Amino acid sequence: MQRTIRIKLHTNNFLLQTIDIANEIYREILKIGYSKKTYNKNELHKLTYKKLRKKYPTFPSALLQTVRDVASEALKATKLKKGIKAKKRSFLRLDKRNLRVNLLHGSISISSIAGRLKLKFSKNPQIEKYLDWSPVAGTLCYRENKLYLNLVVEKDAPTIQQIQENDVLGIDRGINNIVVCSNNQFFNSNHLKDVKGRYQHLRQVLQSKGTPSARQKLKGLSGREKRFVSDINHRLSKALAESSYKVFALEDLKKMKQNKGKTFNRKLGNWSFKQFENFLRYKSVALGKTVLCVNPKYTSQTCSNCGHCEKTNRLLSRFKCKKCKFELNADLNAARNIAKLGKTEFDRLVVNQPETRSEGFIDLTSHELHLQGEQLQADHFNGR
Ligand SMILES: [Zn+2]
């Protein structure tokens, strides 16, 4: 698994100049790649390397290769159909060829136009948490006169070998209850609805005013509202991830949206269920646990007692099986079905693991990579 941590650096003119030159080189490679219609790294190397080394003799060759790789990816992304108008960039990607970080000693060595620079940084509680992780790559960022290194660190995720049925927690997400869990836990959304209602009212008042100061307040309001929702999501996902369950089964949100109609979708968006899912995944992986998504079709119409599936089994918030007469809260019934599907899905994934991996290892790394933006945010709240 990977995480991104932010390290603040002292402003260093050599590094800033290195970023600027990398930026020029990046644009030159883009131009050449586009005119010669290639994004192949070897070809780009042949077309640009000698020329650029001559033009920018102080620029380290290891960095040149990284800049070329980044340009190659950018060219590939456009499929060479149109030229890229590269804006002035204030960041520089680094990898093992040009970056070494010792988290324990708080030291960094980076290739620059002035040779290898050795820098010190101060550790904060955030960094302390990752001392036993290995740095793999980084991005040097210069924003608002501040220099940062966003460092990607890596560690093997703990593995789950085998699970029992009662290791799986089914989680049903809905409107009346934010989540209902298969172990009879209900997290109702009354408080969330109250607060969101208050925000909505305030928003309407401010919107009708329409003055510049009202618009300013409106902006602040939306930030506060977002933080309120993400705070709830953090607390909820933390409580669940730290419970004794090893696998968390959720309904696949994409399919859920197709099934449940427009009103639900609007509200679903508001409750930020995707964010909840991302937080739960992030916290679970760090504890060696797994989050799975199952197909939501029929979860609300199927009897969790006998398996009988019929549309009329469910009447609003009540579930009553037409066949075995089993009765239960409808969301709880759905959560229990989700848990069963989760167990099946977990077993299927374990069986389908390639033999080269240790048995039962579920690799979530590629998924995690997509979450990096969210992770930074999640990192920020991690202590909660
Ligand atoms: Zn039944």
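This is a predicted model: local features need pLDDT of at least 70, side-chain atom pairs count only at pLDDT 80 or more; totals for chains, interfaces and linings use all residues.
1. S9 and S10 are part of an open, mixed sheet of five strands, ordered S10-S9-S8-S11-S12. Strand S10 (186-188) and strand S12 (290-294) are the edge strands; each has a single partner strand, so one side of each has no neighbour in the sheet. On average, neighbouring strands are turned by 20° against each other, direction ignored. Helix H9 (residues 273-286) packs on this sheet, where it touches strand S8 (168-173), strand S11 (247-251) and S12. The direction of H9 makes about 145° with that of S12.

2. On one side, S8 and S11 pair in the parallel sense over four bridges, and Gly 170 stands opposite Ala 249 of S11. S11 also runs parallel to S12, with five bridges joining the two; here Glu 251 has Val 294 in S12 as its bridge partner.

3. Is S11 covered or open? It is mostly covered, with five of its five residues buried. In a regular strand, side chains alternate between the two faces of the sheet. In S11, Val 247, Ala 249 and Glu 251 point one way, Phe 248 and Leu 250 point the other way, and all are buried.

4. Which residues touch the most other members of the largest nonpolar core? They are Leu 169, Ile 171, Phe 248, Ala 249, Ala 335 and Ile 338, in a core of 34 residues. At least two core residues come from each of S8, S9, helix H6 (212-241), S11, H9, S12 and helix H10 (330-351). H10 gives the most, with eight residues.

5. Ile 171 shows how these pieces meet. Setting aside neighbours within four places in sequence, Ile 171 is in contact with Val 179, Cys 181, Phe 248, Ala 249, Leu 250, Ala 335 and Ile 338. There is also a second, separate core of 31 residues, and Leu 99, Ile 113, Leu 140 and Val 152 are among its members.

6. The buried residues of H1 are Leu 15, Thr 18, Ile 21, Ala 22, Ile 25, Tyr 26, Ile 29, Leu 30 and Gly 33. An α-helix has 3.6 residues a turn, so residues three or four places apart point the same way. After H1 comes Lys 37, which has a positive phi near 55°.

7. Helix H2 (residues 41-55) has 15 residues and reaches 20 Å from first C-alpha to last, close to the 21 Å expected at 1.5 Å a residue. Where does H2 bend? The bend, of about 45°, is at Thr 48. Thr 48 is also buried, as are Leu 44 and Leu 52. The buried residues of H2 pack against H1 and helix H3 (61-77).

8. Ala 114 sits in the loop between strand S4 (107-112) and strand S5 (115-120). Ala 114 has 14 other C-beta atoms within 10 Å and is therefore partly exposed. Ala 114 and Thr 58 are 56 residues apart in sequence, yet their C-alpha atoms are 7.1 Å apart in space.

9. A further sheet is open and antiparallel, with three strands in the order S13-S14-S15. Strand S13 (314-315) and strand S15 (327-329) stand at its edges with a single partner strand each, so one side of each is left without a neighbour in the sheet. Two bridges join S13 to strand S14 (residues 318-320), and Leu 315 has Arg 318 in S14 as its bridge partner.

10. Finally, the overall picture. The protein has twelve helices and 15 strands, and buried residues make up 30% of its 384 residues. Of the contacts between residues at least 6 apart in sequence, 68% join residues at least 24 apart.

Methods
Residues are numbered from 1 along each chain as its sequence is written. Two strands pair if DSSP finds at least two bridges between them. Axes are lines fitted to C-alpha atoms, for helices over the stretch in contact, and angles run from 0 to 180 degrees between N-to-C directions. Two residues are in contact if their C-beta atoms, placed from the backbone, lie within 7 Å. A residue is buried if 20 or more other C-beta atoms lie within 10 Å of its own, exposed if 12 or fewer, and partly exposed in between; C-beta atoms are placed from the backbone. The expected span of a helix is 1.5 Å times one less than its number of residues. The bend at a residue is the angle between axes fitted to the seven residues ending there and the seven starting there. A nonpolar core is a set of buried Ala, Val, Leu, Ile, Met, Phe, Trp, Tyr and Cys residues joined through C-beta atoms within 7 Å.
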